[in-house]
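Dear colleague,

I am handing over a structure that will be new to you, and my notes on it follow below. Please read them with the structure open beside you.

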2 protein chains.
Amino acid sequence: MNIQNKLDPQLVLHRIHDLISRHEIERKLALAQTGEKQEVIESLLARQHQNDIHKALTHLHYADIADLLEGLPLEERLFIWNMVNSDIDGRVLLEVSPSVRESLLTHLKHDELIAISTQLTSDELADITPYLKPEDVHEIINALDEQARREYENAHLYLDSQIGSVMDFDFLKVRGDVSCKVVFRYLRRFEELPEHADKIFVVDEYNTLLGVLPIRKLLTSNTRDMVRDLMNPDVFTFHPTDDLEEVANAFERYDLITAPVLDNKHRLIGRITINEMVNVMRHAGAEDMLSLAGVSIMEELFSPVWQAFKSRCLWLMINLCTAFIASRVIGAFEESISKIVALAALMPIVAGIGGNAGNQTITMLVRAMGQQQFSWQQIRRLLIKELSIAMINGILWGSTLAVITTLLYHNAMLGFVMLMAMTLNLLLAAFMGVMIPAVMQKLNRDPALGSSVLITACTDSGGFFIFLGLASLMLL
Amino acid sequence: MNIQNKLDPQLVLHRIHDLISRHEIERKLALAQTGEKQEVIESLLARQHQNDIHKALTHLHYADIADLLEGLPLEERLFIWNMVNSDIDGRVLLEVSPSVRESLLTHLKHDELIAISTQLTSDELADITPYLKPEDVHEIINALDEQARREYENAHLYLDSQIGSVMDFDFLKVRGDVSCKVVFRYLRRFEELPEHADKIFVVDEYNTLLGVLPIRKLLTSNTRDMVRDLMNPDVFTFHPTDDLEEVANAFERYDLITAPVLDNKHRLIGRITINEMVNVMRHAGAEDMLSLAGVSIMEELFSPVWQAFKSRCLWLMINLCTAFIASRVIGAFEESISKIVALAALMPIVAGIGGNAGNQTITMLVRAMGQQQFSWQQIRRLLIKELSIAMINGILWGSTLAVITTLLYHNAMLGFVMLMAMTLNLLLAAFMGVMIPAVMQKLNRDPALGSSVLITACTDSGGFFIFLGLASLMLL
């Protein structure tokens, strides 16, 4: 990727990382000096590095700066943040993730904060005010005009999971009973059109949406054509309480760039754009993956140790409990193990392969659910598919291991127990791998959250029980 | 979500699923009848259901139909596919995933195929011809005009992972030395402008890109303004061999809707649009998740059992090998276990918690890599963070388990071994959890692929070795 007439952002980023690490090393060397001399060296160094970094930063898009800041530990993040040009620091703030945004905002001086707030639109302001002191928020809100304040308050009416929280108010609208000539004249009066404006919303005198006039259509129209005759009355519209992920899916599915948001009376109140939806999609994909592993979506690469610990603590603890239960299952068979010690060596194979296969099924299903391809009506058919795969795998790998076990321990019966236990545990894994996410979805819970820990619990305890139980019955 | 003046697609989809399952049930009832009577009932049923389903399908967007087809098993998929209106079946084909596309194309008659091919542009054709018979492809290509054939051949020059494979040729371009009035006249001559056209590419007489004129800017311009003066010379441009995922990241980062593709001499050869990039993003997110679990990205919810088996087979087999190695580690300590059977019950806890923690670290890192936030220069710092978390977890949960073990087995030394082993295995999990994806990335391999199986292998074998080894040293 290139920006014509500019430097490659990857190269610039690399250079900044280099400058940061050199800065750190040289500062440490300076610290080895003593007293006044140290101070002189340090201040010289700091000034030189700041100059170099500042120069490099001017070559970067605000989104690149945001990424750079997100990938840095706190101290260096603030060091760079202080060097960002003040005319784009508002953009950078909107671009970074919530936890990084918080860390940057708490280190801004009052004046800088007020200066930034004047660069932002009312819906953008609503994204940063939750992280500010009440008195600062009060001052910022008071500076808004009436329309902007109404919009600002509007943005606070909705949950973070609802599209009302990301809609903007920067749209074009015209009445249906005007000609294209009038529309062209109306557009020309703007100093700058809203970003991503691919269509003009057509409303009646009560602000009820009648249709949309795509800019593409306007440009090929005759200036005497009436908007009403040109407009498209079939419009994808959304309600501010609609779910973010569902709307993002609709944007992907129907190739939308912008879409109108209507209230219950079909009156136009806002607009959703593709760039907000792209963020949602990226976030949703990552969230499924992190949830499956039991990591909080709020954790960043360089979250402080304490925060990262908390983010993973819950599921690790649950895992510990389920592992303890599995351990007690083994404990119940201690007598069998003391008679045939080989059981202790073989049992983790049965449990492990079940956990692995179960996780494959769950991941498959979570992905299909994310793309809204799964409906409860299909569950019987899905169970048949997964149980069939489990059966094939069980017989194939079970037989393989049965042969190896027989050769290793000179005990054909032990091999047979291995085959039976593996097949049964794989069937259990397939069944639970379908049922866990399906039931979660039925109960309106996130199907990814903790599914992986749950399936492992089933296949561990289940696997140990099946294997040791069969062995006790057939070998003792 | 609503489409004004149309039915809610979710309701329509639900109705079609209902119709399909009712069709299946009633057909089975008919099969219970005998001879001629059965045939009559079946044909009546089929006709009535087809009518109902056909009617419901007309209410759906082609993207919804594509989703419906993807979520259905083969037989029912073809049943529905035969009822899709012929004027949108080309769109549906482009929308479905490759493996579903293949299943639909192989069931098309020659005439239907040729009819569909005439609906598609040259770059869209390139997406479906790999699944066709050579003689059909030959006939389709021969029907193209010269320009379209060049474009078609162009699309075949690039790998599926390069943006050349998804660029289109449907763009607007003007010379820099004309006025906006001329541009407006040029646009008005189109019957329909290219989809998502948010900017006009500005070129010189050699087709070299000079800049872009955003439509937003054109609409607010004075008709006498020259394109050269209005255009933006800083353009994000791409090369046809650029990596799809990197370009998708750039689209997300810089909020792009369309971008020009240039050859080595900076000549304009094609265009990339956001809707292709949205598909890439969705795909990339899902791919990471599936790769971590060891499932192939090609597997669909209702892939035939045999395909699904193959998709998961490799990693299951690798997992079996690593589980076998872990089993041999235990086997080496059989003597210790036969003396203290409690070791057999406790060892899976140590291994399990390590695997869980390691997967948390890997997932975190794979996600950061997907967003290009990780660079090798940061590895030392990341290791410090992860090892610190492991230390806290080890001491916290290790002590908890040490107390429980001591109480349960009346053996304080066994409790102490538990604490030591858990802490050491968590440290191992943290170290390998960082190193596995980092080294994979360094070697230009997909950091997600199989990482989960690898870390589990380390923490299983490692966990058993640490725990049983310590126990043998300290307790026997």
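Helices here are DSSP runs of H or I with at least four residues, numbered from the N terminus. This is a predicted model, in which local features need pLDDT of at least 70 and side-chain atom pairs count only at pLDDT 80 or more, while totals for chains, interfaces and linings use all residues. Residues are numbered from 1 along each chain as its sequence is written, chains are lettered from A in the order in which they are written, and side-chain values use heavy atoms, with hydrogens and water left out.

Val227(A) belongs to helix α13 of chain A, residues 227-230, and with a relative accessible area of 0% it is buried (under 20%; exposed is over 50%, partly exposed in between, with a 1.4 Å probe and protein chains only). Leaving aside residues up to four places away in sequence, its contacts (heavy atoms within 4.5 Å) include Val174(A), Val202(A) and Leu213(A). Val174(A) lies 53 residues away along the chain, with 8.4 Å between the two C-alpha atoms.

Leu424(A), in helix α20 of chain A, is by contrast partly exposed, at 38% relative accessibility.

Methods. Helix = DSSP H or I, 4+ residues; strand = E, 2+ residues; numbered from the N terminus.
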